[in-house]
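Please look at the sequence and the model below, and keep both in view while reading the paragraphs that follow.

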Amino acid sequence: MRCSYFKPRLDAYVDGDLEPRERALIAVHVGSCPECAGLLEELRVIDALLLGPRRLEPAANFTYKVMADVRALPQPHVHRIPTLPVLVTYIVFAWATIGAFLWWGGSTARAMLAMLGASARQFGFAAGVLTTSAGHLFGAQTPEVTRAMGAILGGDVLLAGAVAGLYALRRARRNAQRASEPS
Ligand SMILES: [Zn+2]
């Protein structure tokens, strides 16, 4: 028999789908025909690649390599100031200061509050909004308190702006410094 008979059957031979008689015929032919033997070898390699167990396990030094890469990365910038506690402390302190002024300061405190309120009005803060929302929390002194709060809030805005500006400036300078350094 010729190669043209065996070649279409080699695939079934590799898969073990042939009758014992045909299997024997192919085995004999492949033993004496280098061309069919080569084709059979190719089919076996392809089958092994397609059906062989896939090893998708990570390399043995995977963890070590990742950890080494992580260590090589630059340290992330960490904010050392805990923002929320500082903010809460500040607000509590501001309210406590106003309360203490009203409680013990007498006419001096009221004069100061009036002054703060006047400066707040000058800056155009919406003391009216605060007044309506605060209601009569502080009785007759509510307008003074809200005006003082407006002044403090205004101060906060200015302070926050200054801090943000300084931070941006410092960061820009540091980035420029880092860019000029040879890496
Ligand atoms: Zn052949």
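Of the 183 residues in the chain, 11% count as buried, where buried means that 20 or more other C-beta atoms lie within 10 Å of a residue's own, exposed means 12 or fewer, and partly exposed lies in between, with C-beta atoms placed from the backbone. This is a predicted model, in which local features need pLDDT of at least 70 and side-chain atom pairs count only at pLDDT 80 or more, while totals for chains, interfaces and linings use all residues. Residues are numbered from 1 along each chain as its sequence is written.

The chain has nine helices and zero strands, both taken as DSSP runs numbered from the N terminus (helices are H or I with at least four residues, strands are E with at least two).

Helix H3, residues 20-32, has 13 residues that should span 18 Å at 1.5 Å a residue, and the 19 Å between its end C-alpha atoms agrees with this; the expected span is 1.5 Å times one less than the number of residues. Helix H4, residues 34-51, reaches 25 Å from its first C-alpha to its last, close to the expected 26 Å. H3 is hardly covered, with one buried residue among its 13, and H4 is likewise hardly covered, with one among its 18.

Leu-10, in helix H2 (residues 10-15), counts as buried because it has 22 C-beta neighbours inside 10 Å. Leaving aside residues up to four places away in sequence, Leu-10 touches Cys-36, Leu-39, Leu-40 and Leu-43, a contact being two C-beta atoms, placed from the backbone, within 7 Å.
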